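Work through the exercises below with the sequence and the structure in view. Try each task before reading its solution.

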Amino acid sequence: MPLVRIDLRAGKPPEHLRAIADGIYAAMRETFAVPEDDRFMLFSQHAAEEFDYHPGYLGIRRSDDLVIVQITANNTRSLAQKQAFYADVARRLSESPGLRPEDVLISLVEVPKENWSFGNGLAQYVA
């Protein structure tokens, strides 16, 4: 169950946000084998003065269209899956809504399966 938090500067239309969410979800389904309907995404849009980033860290030229994606997920993916996921998200978001790959920053936070409760006060992934 990935929980996806997406941060970007305020002002993008709803269809832009939908394209980002759809692209990330499709990449999770494709490279992380996320089950259908396992879709939990939150957007936070920030005023310019609340969205601080370095435009050239690691030699990557970022713009004000930067999208920061933080995904909390089970710690079950291989390095190859993670690398494929990062590339797939950048490709998909480049196609729609037209983001530059340089403007897609992804942080993967891995947790043990017992760290989830999907409701009813239960840890559904615990055997």
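**Exercise 1.** Which residue in β2 stands opposite isoleucine 6?

Solution. The model used here is predicted. Start with the strands: β1 covers residues 3-9 and pairs with β2 in the parallel sense, over seven bridges. Then look across to β2, where phenylalanine 43 stands opposite isoleucine 6.

**Exercise 2.** Give the order of the strands in the sheet, and explain why one side of β2 and of β4 is left without a neighbour.

Solution. In general, strands of a sheet pair through backbone hydrogen bonds, parallel or antiparallel. This sheet is open, and its four strands follow the order β2-β1-β3-β4 with mixed pairing. β2 (40-46) and β4 (104-111) are at the edges; each has a single partner strand, so one side of each has no neighbour in the sheet. From one strand to the next, the twist averages 15°.

**Exercise 3.** Decide whether tyrosine 57 is buried or exposed.

Solution. Locate tyrosine 57 in the loop between β2 and β3. Its relative accessibility is 53%. Exposed means over 50%, so tyrosine 57 counts as exposed. Together with Leu58 and Ile60, Tyr57 forms a nonpolar surface patch with about 340 Å² of accessible area.

Note on methods
Residues are numbered from 1 along each chain as its sequence is written. This is a predicted model: local features need pLDDT of at least 70, side-chain atom pairs count only at pLDDT 80 or more; totals for chains, interfaces and linings use all residues. Side-chain values use heavy atoms; hydrogens and water are left out. Two strands pair if DSSP finds at least two bridges between them. Helices (H or I, at least four residues) and strands (E, at least two) are DSSP runs, numbered from the N terminus. Axes are lines fitted to C-alpha atoms, for helices over the stretch in contact, and angles run from 0 to 180 degrees between N-to-C directions. Patches are made of residues with over 30% relative accessible area and no salt bridge: like charges are joined within 9 Å, nonpolar side chains (Val, Leu, Ile, Met, Phe, Trp, Tyr) within 5 Å. Accessible areas come from the Shrake-Rupley method with a 1.4 Å probe; for residues, only the protein chains shown count as cover. A salt bridge is a side-chain nitrogen of Lys or Arg within 4 Å of a carboxyl oxygen of Asp or Glu. Buried means under 20% relative accessible area, exposed over 50%, partly exposed in between (1.4 Å probe, protein chains only).
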